[in-house]
Amino acid sequence: MACRLARLFVSFALVGTLAGCATYSDSFDNIQRDLSARQHDAALQEIEKQAGSKTDHVLYLLNKGMVLRMKGDFVDSNQSLESAKEEMDSLYAASISENALSFLINDATVSYAGDDYEQVLVHLYMALNYLELGNQTDARVEALQVDIKLREIGENIPDSKFTEDAFSRYLTGLIYEESGEWSDAMIAYRKAYEAYKKYQVNFGMAIPDMLKHDLIRLAQRQGLKNEAAQYMKEFGIEILQEKKPEQESELVYILNNGLAPIKREHVVSMWAPPPVVVVSKSGKKSSNVTPMPVLVNIALPYYESRPNIVLNARISVFGKQTDSQLMEDVDAIARASLDARMPAITARSIARAVAKGAIQKSVDNAGSGNNDVGAQLISSLVVRVAAAATERADTRSWLTLPSNIQMARLPLSPGSYDIKVELLGADGQTVATRVYPGVEITKAHKTYLSQHWIPDYQITRRKR
Amino acid sequence: MTWTLPKIRTSMLMVLVLLFAAAGCSTEVTRMDPGEVKDLSGAWNDTDSQQVSEEMIKDVLDRSWLGEFTRSKKRQPSVIVGEVSNLSHEHINVNTFVSDMERALINSDKVVFVASSTERQEVRDERMDQDLNASEATRKAMGQETGADFMLKGTINTIIDASGKTQVRFYQVDLTLISLVDNRKVWVGQKKIKKLVERSNLRF
């Protein structure tokens, strides 16, 4: 019997090491520090350490792609994000072995395929990469893929808060419009408008003014007079039809502000009477002994926002200036997504606690035939510790995403400009200034410029 | 719920065995014939590209524009490859079937191809360099390029219909040959490819 128990213990210990001691989000502190210091190469080296993980490989690729684009390496960034996309696709099928394991150990044993909003944002960032490279054709490909992805999500979970990604829809509208596909652009803007109305209800977000103007302008251009009039009434703005609705050259600035919230773990441990388990045959023997309580451990994830002092950005060129507007609140979307998943996560955790309790109980019972009370006690304790240690929350998420995405558009005549970006905090105070010299604005084209602002984080992780 | 110790132990061991089995896969390479059809993800692949080029080549050489041109001008038509724009939902490399077509048409001895606008620049740079550095006998003069009679242009479009794990992908490739003299479209080739992709719900 001792031999059996030893083997059981060894298998638990092995599985324990596989599950790792720290949760995923704990491994991110160094990367975050490097990113705050704009040490992109150091951050990449740190990310490279996670390349070997089979279950977190998608996250490794996503983070790598994101840091590469912060560095301005859009081609390699797209390569990494494209692989992430392919891998997400191959993880569409649920793994039997991983799920079986997750029932005994924890949720982090299942390969991470990305949350719905993360799967959409991959396309968004790939599109932005292509746009910043000036590759309109491939950006359009991403726009089409976003549409397919959103249709798939909408079909699978129609009552979720996140079935439409407003900013992705808006950006696809901009892409279509630049390609001269007016009707596709109109549809994309309409869908963006519908999605922003949902954002307004769910996340308290305002509908961006840019979208309002685009809707009216394009409706007028397409001869949809009633629709244009209706929008003008809804938004309370009056726009006279421009004589030349042709593309004007403009600067599109995108601020990736801060970092997305991070999942932390909340553990509840308690001693509970053992679950009612019928232990075959040997059950009678132990019936007159008071059963030893089992250790029930429930570890659940929760989101912790990463604080940021920058509220928005002001871009100024040649005396012209404009402020950025909030386009996508990734923080709120991530929270809503976890909230929606929480009942399932909790149910799985409870089911696991019952299973682990049953294992503890059966080890106790198996040991009760043994005359050596000490050995019995040790084995009972060992199995309790193993059960508790393997119960960890799944704290995985795409951590290099921004907390929110903002956009500013500024019409400019063709030429080369020095663009000054001021990041503003509370009361309009300037937190940081950056100048982008010699940005080329070409005729009848949108020039995209993006920045990812990551503040200095005080790493205040609570040690367990 | 009924649990017995031996049962649990066996299941634990099985889980471990499964785990190690999954970790122990190594890379395996098998050589394939380029003509062999192997569909992996359902995305645009080499087979699609080859099917398009075969179809297009057969069609473009059979049509009347070629005979008419050779009869009236008493020479082979020269063609330039313009842009084949990708309007599909995939990042498709259009160069593969365009160069397949180019090769087949040149080898048929019925059509002459001239270098495209991107290729041209490199050739011109070389001629410029020859002007300075090459000997009189081997130097190539400028202004002797063959002007194209026709331009080959095209698009790739897709329509995707998906429901759950099933997806129908429809690809349509259109190629047009436009006469540079009068913008006449002398030939339009079309190839349609339809695929049913069914994803698995479960994997090991």
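This is a predicted model: local features need pLDDT of at least 70, side-chain atom pairs count only at pLDDT 80 or more; totals for chains, interfaces and linings use all residues.

Me: How are helix 4 and helix 5 of chain A packed, and at what angle?

Reply: Two packed helices are described by the angle between their axes and the distance between the axes. Here helix 4 (residues 57-70) and helix 5 (residues 74-90) of chain A pack at an angle of about 160°, and their axes are 8 Å apart. Angles over 145 degrees count as roughly antiparallel, and helix 4 and helix 5 of chain A are therefore roughly antiparallel to each other. The crossing of helix 4 of chain A past helix 5 of chain A is left-handed.

Me: Which residues of helix 4 and helix 5 of chain A meet?

Reply: Helix 4 of chain A contributes residues including A:Leu61, A:Leu62 and A:Leu68, while those from helix 5 of chain A include A:Phe74, A:Leu81 and A:Met88. By class, this contact has eight nonpolar, five polar and four charged residues.

Me: Which residues have the most contacts inside the largest nonpolar core?

Reply: In soluble globular proteins, nonpolar side chains tend to be buried together. The largest nonpolar core has 89 residues, and A:Leu62, A:Leu124 and A:Tyr253 are among those with the most contacts inside it. Its largest share, 11 residues, comes from helix 7 (residues 116-132) of chain A. Another core, of 25 residues, lies apart from it and includes B:Met56 and B:Phe97.

Me: Where does A:Thr55 lie, and is A:Thr55 exposed or partly exposed?

Reply: A:Thr55 lies in the loop between helix 3 (40-48) and helix 4 of chain A. A:Thr55 counts as partly exposed because it has 18 C-beta neighbours inside 10 Å.

Methods
Residues are numbered from 1 along each chain as its sequence is written. Chains are lettered from A and ligands numbered from 1 in the order in which they are written. Axes are lines fitted to C-alpha atoms, for helices over the stretch in contact, and angles run from 0 to 180 degrees between N-to-C directions. Helices (H or I, at least four residues) and strands (E, at least two) are DSSP runs, numbered from the N terminus. Angles under 35 degrees count as roughly parallel, over 145 as roughly antiparallel, 65 to 115 as roughly perpendicular and the rest as oblique. A crossing is left-handed if the near helix is turned anticlockwise from the far one by less than a right angle, and right-handed if clockwise. Two residues are in contact if their C-beta atoms, placed from the backbone, lie within 7 Å. Ala, Val, Leu, Ile, Met, Phe, Trp, Tyr, Cys and Pro count as nonpolar, Asp, Glu, Lys and Arg as charged, and the others, Gly among them, as polar. A nonpolar core is a set of buried Ala, Val, Leu, Ile, Met, Phe, Trp, Tyr and Cys residues joined through C-beta atoms within 7 Å. A residue is buried if 20 or more other C-beta atoms lie within 10 Å of its own, exposed if 12 or fewer, and partly exposed in between; C-beta atoms are placed from the backbone.
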